[in-house]
Amino acid sequence: MNISASFLSGAAGEVSAVLAVVKDVTSLRRLHEQIVRSERLAAAGLLAAGVAHEVGNPLTCISSLAQFLLARAPDPAIREGLESIEVHVERISRIVQDLTRLTRPAPATLREASVGNLVDTAVNLARHNPAVRRMKMDSAVDPALPAVRVAPDHLVQVFLNLILNAADSGGNLTIRAARTGGAIRVIFDDTGCGMTAEEMRRLFDPFHSTKDNERHLGLGLFVSHEIVRQHGGDLLVASEPGVGSTVTVVLPMERLPSVSEELV
Ligand SMILES: Nc1ncnc2c1ncn2[C@@H]1O[C@H](COP(=O)(O)OP(=O)(O)O)[C@@H](O)[C@H]1O
Ligand SMILES: [Mg+2]
């Protein structure tokens, strides 16, 4: 619950009424927690995938060497030992595979959604963040823009990440949306610290962050880029140090035939 109260004063300055607003923010908070959790899961998934990749090659080597020796070892005790090595190698492979599967986010379903509604949801969620509350934020999204076919929660996560980054940049934020050709562009324009060419180059790298706070994983743009690309779209960034940054989410209105209906 969010409870706020204000006094309304009469003509002579006396208190004429008390206005109390009780807002149920449980569902907002739950969605916010879910988004934070999905970022952490993505981090765990990325680590697991990295480990699976690194561990996979030596495991394959051990397994083929064991088979090679098994085919040539006449001694039953040595054969038994080699068979045991194979069993344990198989076990490690399964553990690593399970780990990757466990941490992969659940498939999302695509639905028709209004960009304006998605932006509003992200803006409301972002307001739980103190840095966002301190920032001046304007959003002007034309409700008449055509609907897009997207995974709504994933898109909200992208917008939320971009709002949080703008708040961290120390500037103010304007959110606009426009239809250009066959795409809808959602534009996040901030007047914050901006980025150097070197920072721009590493922007989408997983675990890259210039914020030395343990709460910043450096995964926001990596995850957002992946999500937008899974929608057949793109994430464009322009920035100037000391002036600000513009991040544009490009969403195609016509779904590309190569884009799967099931997003993972
Ligand atoms: N709007 C922005 N203004 C300035 N720098 C930004 C902006 N968005 C992203 N960055 C830079 O890109 C880095 C990566 O962003 P992100 O992936 O969201 O990770 P995080 O926010 O956890 O640091 C940030 O640490 C910051 O240096
Ligand atoms: Mg971020």
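**Entry 1: polar contacts of ligand 1.** I looked up G218 and found one of its backbone N or O atoms 2.9 Å from an oxygen atom of ligand 1. I took a polar contact as a pair of N or O atoms within 3.5 Å. For K211, a polar side-chain atom lies 2.6 Å from an oxygen atom of ligand 1. In the side chain of S245, an N or O atom is 3.4 Å from a nitrogen atom of ligand 1. The protein covers 94% of the 540 Å² of accessible area that ligand 1 has on its own (Shrake-Rupley method, 1.4 Å probe).

**Entry 2: basis.** The model is predicted, and I note that local features need pLDDT of at least 70, side-chain atom pairs count only at pLDDT 80 or more, and totals for chains, interfaces and linings use all residues. Residues are numbered from 1 along each chain, chains are lettered from A and ligands numbered from 1 in the order written, and side-chain values use heavy atoms, without hydrogens and water.

**Entry 3: shell.** I find 18 residues around ligand 1, with a heavy atom within 4 Å as the criterion. D190, S209, T210, K211 and L221 are the closest. The shell divides into six nonpolar, ten polar and two charged residues; Gly counts as polar.

**Entry 4: pocket.** Ligand 1 takes up the space of the largest pocket (more than half of its atoms within 2 Å of the grid points). A pocket is an open set on a 1 Å grid, with a 1.4 Å probe and protein on both sides within 12 Å along at least five of seven lines; lining residues have an atom within 4 Å of a point. The volume of the largest pocket is about 1100 Å³. Among its 42 lining residues, L164, N165, D168, K211 and H216 are closest to the centre. α5 gives the largest share of the lining, seven residues.

Conventions
Polar contact = N/O pair within 3.5 Å; in protein donor to acceptor, adjacent residues only side chain to side chain. Points joined across faces, edges and corners; volume = space filled by probe spheres on them. Helix = DSSP H or I, 4+ residues; strand = E, 2+ residues; numbered from the N terminus.
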